[in-house]
Amino acid sequence: MNNLNTPRQNYLLNALPTNIYERISPHLERLSLLNGKILYEPGEELPYAYFPTTCIVSKFIYTQDGGSTEIASVGNEGVVGIFLIMGGKSMPNWAVVRSQGCAYRLRKHIFLQEFEHLPERPNDESLHHLMLRYSQALITQVAQTAVCNRFHSIDQRFCRWLLTTIDRQVSDELIITQELIANMLGVRREGITEATQKLQLEGLIEHHRGHITVLDRAGVEDRACECYQVVKVETDRLLHCVH
């Protein structure tokens, strides 16, 4: 998966058997998505499933008083639009690109048609099985994020967020503002500024004008809460076939 411009850069698509992949690949449409691009809004029916390759998409909840928090994020390990297989048609959250890059989209009816194809033998892989396992991984991420937001410090949450972001990138450099990070974590910008300064003073990251580079990943992991490992271990377990 060295070519970042192919659907196989997405772990779920890469895990599909050749016959299934060849069946859907002609219908995959490559997109270049910029920061801030809204993929869906609350109550909106989604006409596509999106498979990120180099972009990262955040699932946001906004409150009536203008507050916001990220409840989950999706990178090249997953798919945006998993609720299509659940029959609910829409979700009460927003899906917004927060790290620009590429994704492939598949029309809803083709995605659902392939999902309904069950394998001939129990041990054969299928889109159906992959989507169910990914759904469990996503539920784990949402639940752990709720726990993290309730019990862990801003510093711990910031480190968790840094790790989950660079896991989905080909470099350790992030192009993002402190204000956007604060919005995603549901905290004041001053809290992110203080956390950034601490990590920079310890030589773990380098920060300047909307750029953050992780210099010492092991050090950042030491300062993150257990939520990072809980989600990572469960995701790797459920999607073991794609790693």
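Two strands are said to pair if DSSP finds at least two bridges between them, and the strands themselves (E, at least two residues), like the helices (H or I, at least four), are DSSP runs numbered from the N terminus. In this predicted model, local features need pLDDT of at least 70 and side-chain atom pairs count only at pLDDT 80 or more, while totals for chains, interfaces and linings use all residues. Residues are numbered from 1 along each chain as its sequence is written, and side-chain values use heavy atoms, with hydrogens and water left out.

Three bridges join strand 8 to strand 10 (residues 211-214), and the two run antiparallel, with Glu173 standing opposite Thr213 in strand 10. Both strands belong to an open sheet of three strands, whose order is 8-10-9 with antiparallel pairing. Strand 8 (173-175) and strand 9 (205-208) each have a single partner strand and stand at the edges, so one side of each is left without a neighbour in the sheet. Helix 5 (residues 154-166) packs on this sheet and touches strand 8, strand 9 and strand 10, where contact means heavy atoms within 4.5 Å. The direction of helix 5 makes about 100 degrees with that of strand 8, the axes being lines fitted to C-alpha atoms, for helices over the stretch in contact, and angles running from 0 to 180 degrees between N-to-C directions.

The nonpolar interior can be followed next. A nonpolar core is a set of buried Ala, Val, Leu, Ile, Met, Phe, Trp, Tyr and Cys residues joined through side-chain atoms within 4.5 Å; buried means under 20% relative accessible area, exposed over 50%, and partly exposed in between (1.4 Å probe, protein chains only). In the largest core, which has 43 residues, Phe111 and Met131 touch the most other members, and helix 4 (residues 127-151) gives the most to this core, with six residues. A second, separate core of 25 residues includes Phe60, Trp161, Leu199 and Ala224.

Leaving aside neighbours within four places in sequence, Asn10 is in contact with Phe51, Pro52, Thr53, Gly75, Asn76 and Gly78.

For the protein chain as a whole, the secondary structure comes to nine helices and 10 strands, and 49% of the 243 residues count as buried. Along its principal axes, the C-alpha trace spans about 55 × 40 × 30 Å.
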